[in-house]
Amino acid sequence: MAIMHEMAAGMGGIRTAGDMVARMVMKGMKIHAAKEYVAGKLGCSVFDLSDSAKMKEIRESLDIGTVVLRPRASSGMAAKIKIAELLDIKIPSVELFKKKIGISL
Amino acid sequence: MNHLKDNYFTRMGDGEGIWMSKTQITEEVLAGIEDAVNKGKAQPMSGGDVDYLIEILTMPEKNVSVERGCEGITTFDAGTLKMAVRSGLPIDSTTALLIHERALCSDTMELCNTDYSYKQLKNIVYEEAMAMERAQMNCIMPIFYGAMPNMGLYTKPDGPVDNWSELLPQGKVLEAMDAQEKAAELCTNDMVYIGSVLAESGACGIQFDTAGASGDADLLAALQASKILSEKYPDLSITMGMANEFTLGMHGKLKFEGERLAGQYPAKQVKTVAAAGVHSYGPVVNTNSSKSFAWNLARSLTHVQEATRVASIPVLPNVGMGVGGIPLTTTSPTDCSTRASKAMLEIGKADGL
């Protein structure tokens with residue numbers, strides 16, 4: 001059932017900008033404000049956010065993780081570090097990672 | 001094509017397939033709205049929304065979806081139970097997270113344990129914290145940790161407190177109230193402890209799921225824990241999903257920030273939850289399995305629309321088995337779940353699911 005909801009109404013996760021819009025909604029932003037915020041940071045339109053072809057190009061150009069792994073491309077923590085910078089937010093696991101390796105990114 | 005003869009395939013609240021005319025579906029929709037208006041004091045849907053809901057219910061397609069641009073974000077309760085435990089796939093829960101991220105493209109996911117109760121997690125919280133740390137290294141999407149307050153677990157013989165469900169039939173009302181207050185305090189402390197360990201292991205968020213399952217004291221415990229955690233960890237996202245469409249008054253007199261909890265429907269619940277520092281709220285409207293899908297979805301939508309109308313935080317309605325208009329069956333028909341998705345976002349104005 002979860003997959004049907006995702007297909008029928010979800011943003012699309014890392015296939016699109018769903019993970020980033022979700023991060024802003026999780027901070028208490030209503031969905032339209034969250035989409036506008038992320039679109040502004042990505043330099044695209046709100047319409048583009050759920051377009052998987054458009055977002056693949058954007059995600060690859062920003063190196064913030066895509067569904068299909070590529071050599072030398074960021075994934076996991078590396079991608080999240082860039083997402084935190086891009087969206088200008090603090091991601092708890094990124095902060096923890098920075099503390100562990102003793103650097104200020 | 002049966003729909004061309006004013007005969008539309010739909011379902012009952014237990015999932016059984018039935019055929020109804022448009023007039024019958026309209027009558028069911030109006031009756032569902034009326035129930036929410038009468039019991040929950042919600043405003044009725046506008047005529048345009050009613051027409052659009054009937055259009056969604058009578059679309060001939062097997063599955064439907066939202067219009068481009070109307071998408072919302074998806075969250076999960078019992079997240080990593082669904083694949084590794086309930087579906088019996090022999091995979092670790094952190095593998096389930098990656099499957100959701102990379103194959104199913106979920107917007108968020110939730111790490112959780114089989115005994116989905118905060119009290120039961122105390123003995124294994126550091127193992128759960130290690131799983132969270134490993135998951136955070138590999139995942140890009142936000143990962144919640146989730147469980148239920150499940151305050152009933154604090155009663156004897158499993159817990160230290162007298163059982164109010166036994167005290168109340170004996171007429172020991174004050175003793176029952178006292179027992180609930182003690183249990184709520186213990187429950188709050190456990191949720192703050194476990195939430196803190198997971199927050200310090202890098203969880204993006206904490207979910208308090210099925211809050212209020214043991215009544216108003218259960219909800220109070222979750223609200224108090226949320227308030228403490230939201231102040232202690234400003235970057236931690238807290239989400240709260242409810243147990244019921246109204247808060248059961250097992251105690252009856254408990255208040256949070258001056259507001260009595262018992263009897264609150266979604267439009268009041270969302271304000272209470274926001275006052276506790278919670279970032280997003282999941283209303284629950286229970287499915288009546290002996291009523292039609294049209295009746296159930298219309299009733300759920302009316303409650304949700306009332307909540308989104310007054311909400312200052314995102315509203316992510318629960319649309320799982322037996323809630324949010326979805327039939328009460330473990331194999332939810334996709335024709336119903338996709339119609340509920342579409343209606344919740346486009347008519348209910350929800351921020352996601």
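**Close-up 1. The salt bridge between K30(A) and D351(B) in the predicted model****.** The side chain of K30 in chain A meets that of D351 in chain B in a salt bridge, with a distance of 3.3 Å from N to O. Across the interface of chain B and chain A, the rule finds one salt bridge, and the pair shown here joins K30(A) to D351(B).

**Close-up 2. Polar contacts and helices on the side of chain B that touches chain A****.** Between chain B and chain A, 25 residue pairs are found in polar contact, with both residues of each pair at pLDDT 80 or more. On the chain B side that touches chain A, α4 (93-102), α5 (125-138) and α11 each supply at least two residues; of the elements of chain B, α11(B) gives the most to this side, with five residues.

**Close-up 3. The extent of the interface between chain B and chain A****.** In this predicted model, 56 residues of chain B are in contact with 48 residues of chain A. The area buried between the two chains is about 4,000 Å², and carbon and sulfur atoms give 64% of that area.

**Close-up 4. A nonpolar surface patch made by residues of chain A and chain B****.** M1(A), together with M321(B) and L328(B), makes a nonpolar surface patch of about 260 Å². L328(B) is located in the loop of chain B that lies between α10 (293-310) and α11 (334-346). With a relative accessible area of 46%, L328(B) is partly exposed, and because patches are made of residues with over 30% relative accessible area, this value passes the cut-off.

Notes
Residues numbered from 1 in each chain as written. Chains lettered and ligands numbered in written order. Predicted model: local features only at pLDDT ≥ 70, side-chain atom pairs only at ≥ 80, totals over all residues. Heavy atoms only, no water. Patch = residues over 30% accessible without salt bridge, like charges linked within 9 Å, V, L, I, M, F, W, Y side chains within 5 Å. Areas by Shrake-Rupley, 256 points an atom, 1.4 Å probe, with all protein chains shown as cover. Salt bridge = Lys/Arg side-chain N within 4 Å of Asp/Glu carboxyl O. Helix = DSSP H or I, 4+ residues; strand = E, 2+ residues; numbered from the N terminus. Buried < 20%, exposed > 50% of the residue type's maximum accessible area, 1.4 Å probe, protein only. Contact = heavy atoms within 4.5 Å. Buried area = accessible area lost by both parts, 1.4 Å probe. Polar contact = N/O pair within 3.5 Å; in protein donor to acceptor, adjacent residues only side chain to side chain.
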